[in-house]
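Here is a short note to read alongside the model on your screen. Take the points one at a time, and keep the viewer open as you go.

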Amino acid sequence: MNCLATLLVAGTDPVSSAGLLDRLDAAGYAVVVASEAPVAQARRLCPDLILIGEAAGDPLVLATALRADPACGGVPLVLLCETIETSLAQRALAVGIDELLLTSVEDAEMLARLRPLVRLATMQDELRLRAVAAATFGLKVAERGKLPPGPERPTLLAVGLDPDNIAGQLAEDDADVTLCPDLYAAERLLEQSPYDAAIVTASGEAELTFASDLRHNSRLFNLPVVMLADTSETLARAYRRGASRVLLRPVETDLLRTVVLTLVRRQRLRWAIRAAFGQSLGPTTADALTGIHGRPFLDRALDLRLAAARERDRPLTAVLFAIPSVDSVRAHFGEAAGDHLLRQLGQWISRLVRAEDLVARIATNRFCVVLPDTPLVEAEVVMHRIAGVLSHTDFAIPEVYQPVRVWVRVGCAEARADDDRPALLARAALALEDEV
């Protein structure tokens, strides 16, 4: 199970697009070139992304038809262009295109810009599966995340030097923009207020480090960051450091506007999906003690996720966390103290994973995290990061007049083609050197 995503490619010239399609295939994507009416094939294939070329007339006509179709209207759309003109970018924003990508784009930039769209597709797919699982327990969950109705002015933070006053031009038309030249103060502002995106003018290493710091900040790692760079060298480095989109200066205001508003729209859709995930928590699905999902819901959801991973050739990893220290807290301070600690642990683990990762309490002192579309090597990084945070956190417990630290044991396993749920969890437990 190692396919990153399934891409449906429509409206491209076979000769001019061959190199790009080969590069996508080499990067781990399953590329399917449309051989029939694209909307009908999208309904049948259920791709993660749809790439639309300019070879078959006006590509935005096809994009409009895809967006209007109930079966595939939520699939992220990428427009493949030989050149990106401002007028095209504006029209693409109006019809709901998620990304404009030059066919000549370098691999590093291409992968950096496709990755968030693949994740958005994963979130939508996970929401659909959770809706099916929740229905088993009598809960109704939206099967697809949708943007809330009505326009709302985005709030943007312009960071660093801004000699061209681009952020000021945006403020006049479409957004409320705050200017903050100091990087340290900017990160504090972003933590304190719900900004929709940051626009960073890169003048050196400090701004690149700022972008990296945002990606490692548990509160801000999803924040869209548009970086304005002076050179193509800075452009490549900025993508590696976590920028969502990099534009070379000088930048046309209208192009910047479309880029920023497209990223803001994508961010708000992620928040809408995140809110819909919360609908799967109810009296019949939640663990009574911690408030996160309980074992019965995990079992049903994991069965569905395993079947989807097999069908679509996707990676899937289950991570187990065992916290034996809870027993010591119970022994020394009582049942209420142990219960309070478990509730905190469940909340911390939930905050430290992605919205699409399913967190459940599966035994007295044990938690399971299911990471869809995530290979073992990436899951191990997540696992050890969470374990490190928990182990170095001082937990406060009522009537316990000292901070409490915990000892965390971890184990994980990646799904195999012949795995069922018990087999996957048993191998994760073996890695934990325990039993589920």
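1. The strands β1 (residues 6-10) and β2 run parallel and are joined by four bridges. Two strands pair here if DSSP finds at least two bridges between them. Helices (H or I, at least four residues) and strands (E, at least two) are DSSP runs, numbered from the N terminus.

2. A word on what you are looking at: this is a predicted model, in which local features need pLDDT of at least 70, side-chain atom pairs count only at pLDDT 80 or more, and totals for chains, interfaces and linings use all residues. Residues are numbered from 1 along each chain as its sequence is written, and side-chain values use heavy atoms, with hydrogens and water left out.

3. Which sheet do β1 and β2 belong to? They sit in an open sheet of five strands with parallel pairing, in the order β2-β1-β3-β4-β5. Because β2 (30-33) and β5 are at the edges and have a single partner strand each, one side of each is left without a neighbour in the sheet. On average, neighbouring strands of this sheet are turned by 25° against each other, direction ignored.

4. α5 lies across β3, β4 (77-81) and β5, and runs at about 155° to β5. Contact means heavy atoms within 4.5 Å; axes are lines fitted to C-alpha atoms, for helices over the stretch in contact, and angles run from 0 to 180 degrees between N-to-C directions.

5. There is also an open sheet of four strands, with antiparallel pairing and the order β12-β13-β11-β14. Here β12 and β14 (409-414) are the edge strands with a single partner each, so one side of each is left without a neighbour in the sheet. Its neighbouring strands are turned by 20° against each other on average, direction ignored. Five bridges hold the antiparallel pair β12 and β13, and Arg361 has Phe367 in β13 as its bridge partner. α14 lies across β11 (316-322), β13 and β14, running at about 165° to β14.

6. How many salt bridges does a search of the whole structure find? The count is 32, where a salt bridge is a side-chain nitrogen of Lys or Arg within 4 Å of a carboxyl oxygen of Asp or Glu. One to look up joins the side chains of Arg314 and Asp48 (2.0 Å, N to O). This pair links distant parts of the chain, 266 residues apart: Arg314 is in the loop between α11 (295-312) and β11, and Asp48 is in the loop between α2 (38-45) and β3 (49-52).

7. Next, the open spaces. On a 1 Å grid over the protein atoms alone, a cavity is a set of points where a 1.4 Å probe fits but cannot get out, a pocket is an open set with protein on both sides within 12 Å along at least five of seven lines, and lining residues have an atom within 4 Å of a point. Grid points are joined across faces, edges and corners, and a volume is the space filled by probe spheres set on the points. The largest pocket holds about 1,700 Å³. Its lining has 47 residues, with Arg115, Arg119, Phe221, Arg354 and Glu378 nearest its centre. α5 gives the most to this lining, with eight residues.

8. The second largest pocket holds about 880 Å³. Among its 35 lining residues, Trp271, Arg274, Ser350, Arg351 and Ala355 lie nearest its centre. The largest share of this lining, five residues, comes from α10.

9. The largest cavity holds about 140 Å³, and α10 supplies the largest share of its lining, six residues. The second largest cavity, with about 50 Å³, is lined by Arg119, Met123, Asn222, Gln267, Arg270, Trp271 and Arg274. Again α10 gives the largest share of the lining, four residues.
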